[in-house]
Amino acid sequence: ILKAAEADGLAGQADRRSAPAVRPGEPFGVGACAVGAAVADAVAYLHRRGFAHADLKPSNVVVGPGGAPHLIDFHLATADPAAGARGTPAYMAPEALDAGTPGGRGEPVDPVRADVFSLAAVVFQLLTGRLPFPVAGESFAARAAAIRGKPPDLPPTVPAGVAAVLRRCLAADPAA
């Protein structure tokens, strides 16, 4: 498809080879935050247009030929504020997990706030190599309880400012 587009002269209309997010020689944490910021820009673009991605996770971020991260897989994206439970359980906000659980709390799910939670879970995993709220199994109720149990532990190598933002974005209360 790309070769056909280039043959038709369309390649010059899109910046496929954007600048890399990670620069040679910079510390891992800086590069990880740069990748997170690039994905956050893509998510903010969607939000400004009234959409939520609704399935943010590491496998939905790919690195293009130029080294820039790109957000993919929009099959769950929604403009419906009442969309309910959507996404991959390990990255879902607690209120979205509850919406998918019979007898859940019944809190409304704001897809934009749920995206912020999921994005923070992705960045947390990028920085630490683990999920912020590891839970055995895929039970929505167990995951929601783990999130509400205590804030995630960040290693001291994560700068205080970044840790504060991640904790706020990973708060159990969507209003926080």
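Ala, Val, Leu, Ile, Met, Phe, Trp, Tyr, Cys and Pro count as nonpolar here, Asp, Glu, Lys and Arg as charged, and the others, Gly among them, as polar. With that sorting, the lining of the largest cavity in this structure holds 10 nonpolar, 5 polar and 3 charged residues. The model is a predicted one, in which local features need pLDDT of at least 70 and side-chain atom pairs count only at pLDDT 80 or more, while totals for chains, interfaces and linings use all residues. Residues are numbered from 1 along each chain as its sequence is written, and side-chain values use heavy atoms, with hydrogens and water left out.

**Cavities**

- On a 1 Å grid over the protein atoms alone, a cavity is a set of points where a 1.4 Å probe fits but cannot get out, and its lining residues have an atom within 4 Å of a point.
- Grid points are joined across faces, edges and corners, and a volume is the space filled by probe spheres set on the points.
- The count comes to 2 cavities of 30 Å³ or more.
- The largest cavity has a volume of about 120 Å³, and 18 residues line it, with A54, R86, A114, D115 and S118 nearest its centre.
- Helix α4 (residues 111-128) gives the largest share of that lining, 4 residues; helices (H or I, at least four residues) and strands (E, at least two) are DSSP runs, numbered from the N terminus.
- The second largest cavity has a volume of about 60 Å³.
- Its lining is made up of P89, A90, M92, F117, A121, P132, F133, R143 and I147.
- In this second lining, 8 residues are nonpolar, none is polar and 1 is charged, and α4 and α5 each supply at least two of the residues.

**Salt bridges**

- The structure holds 4 salt bridges, where a salt bridge is a side-chain nitrogen of Lys or Arg within 4 Å of a carboxyl oxygen of Asp or Glu.
- One of them joins the side chains of R148 and D98, at 2.8 Å from N to O.
- R148 lies in helix α5 (residues 140-149) and D98 in helix α3 (residues 94-99), so this pair ties together parts that are 50 residues apart in sequence.
- D98 is buried, with a relative accessible area of 8%, whereas R148 is partly exposed at 23%; buried means under 20% relative accessible area, exposed over 50%, and partly exposed in between (1.4 Å probe, protein chains only).
- Another salt bridge links the side chains of R113 and D110, at 3.8 Å from N to O.

**A look at K57**

- You can find K57 in the loop between α2 (28-48) and β1 (61-63).
- The side chain of K57 meets that of D55 in a salt bridge, at 3.6 Å from N to O.
- Both K57 and D55 are buried; K57 counts as buried because its relative accessibility is 18%.
- Leaving aside residues up to four places away in sequence, K57 touches T88, Y91 and V122, where contact means heavy atoms within 4.5 Å.

**Cysteines**

- A disulfide is a pair of cysteine sulfur atoms within 2.5 Å, and by this rule the count is 0 disulfides.
- C33 counts as partly exposed because its relative accessibility is 27%.
- C169 also counts as partly exposed, at 25% relative accessibility.

Key. 1 Å grid on protein atoms, 1.4 Å probe; cavity = no way out; pocket = protein on both sides within 12 Å on 5 of 7 lines; lining within 4 Å.
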